Amino acid sequence: MKKQYKKMSIYCSLLSIVLVLGTYYWLKLPYSFSYQRQLATHFINNINNEEYEQAFSMTQRNLYTGKTLAEFKAKVVREIPASGYQFAYSFPKQTNGNRLRRWFNGNEVEMQDVNIEFKGPTDLRITLRHTGDDKWEIFYITSHAG
């Protein structure tokens, strides 16, 4: 075998190994729920800016968020007493590989509910519910002990 073919086969072998290891690493990485986190942060910003109508329009208008704007205002004033909330984490945990497996099997890729936790004056949990067609709405808001 010529020297240049040996060199080329070594490079291809190394490239294949790097691709396999990189793919394995990516599959094991946790999915970040960045879109859901942006929605929850935008929701909190609307409340801090006293833009209650915009925040209320992001909810499912249920018992947990308030069915009317007046109920909603009372709920958020009680649950979100001040500003200064910072993203802490989201759950349930999901990996890129899990999402890819669901898609490959023809199952729904998105989870029904995603919880976004914030640290601040109180710990705050915002639960977003997937309502289809890549749409998410605030389903539940609660402050709780850390």
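I began with a term: two strands pair if DSSP finds at least two bridges between them. I also kept in mind that this is a predicted model.

Entry 1: I looked up strand S3 (residues 123-132) and strand S4 (residues 135-144), and found them paired in the antiparallel sense over nine bridges. Which residue in S4 is the bridge partner of His 130? I found Trp 136 there. Two residues lie between the strands of this hairpin, and I noted that Asp 133 takes a positive phi near 50°.

**Entry 2: S2 and its partners.** Next I turned to S2 and saw that it pairs with S3 in the antiparallel sense, over six bridges. These two strands also form a hairpin, with three residues between them. On S1 (residues 86-91), I counted five bridges to S2, again antiparallel. Is S2 enclosed or open? I noted that five of its seven residues are buried, so S2 is largely enclosed by the rest of the structure.

**Entry 3: the core.** I then looked at the largest nonpolar core, which has 24 residues. Which of them touch the most other members? They are Phe 43, Phe 72 and Ile 126. Elements giving two or more residues to this core include helix H3 (52-56), helix H4 (69-79) and strand S2 (113-119). Helix H2 gives the largest share, five residues.

**Entry 4: back to Ile 126.** Leaving aside neighbours within four places in sequence, I found Ile 126 in contact with several residues, among them Ala 40, Phe 43, Val 114, Ile 138 and Tyr 140.

How values were computed:
Residues are numbered from 1 along each chain as its sequence is written. This is a predicted model: local features need pLDDT of at least 70, side-chain atom pairs count only at pLDDT 80 or more; totals for chains, interfaces and linings use all residues. Side-chain values use heavy atoms; hydrogens and water are left out. Helices (H or I, at least four residues) and strands (E, at least two) are DSSP runs, numbered from the N terminus. A nonpolar core is a set of buried Ala, Val, Leu, Ile, Met, Phe, Trp, Tyr and Cys residues joined through side-chain atoms within 4.5 Å. Buried means under 20% relative accessible area, exposed over 50%, partly exposed in between (1.4 Å probe, protein chains only). Contact means heavy atoms within 4.5 Å.
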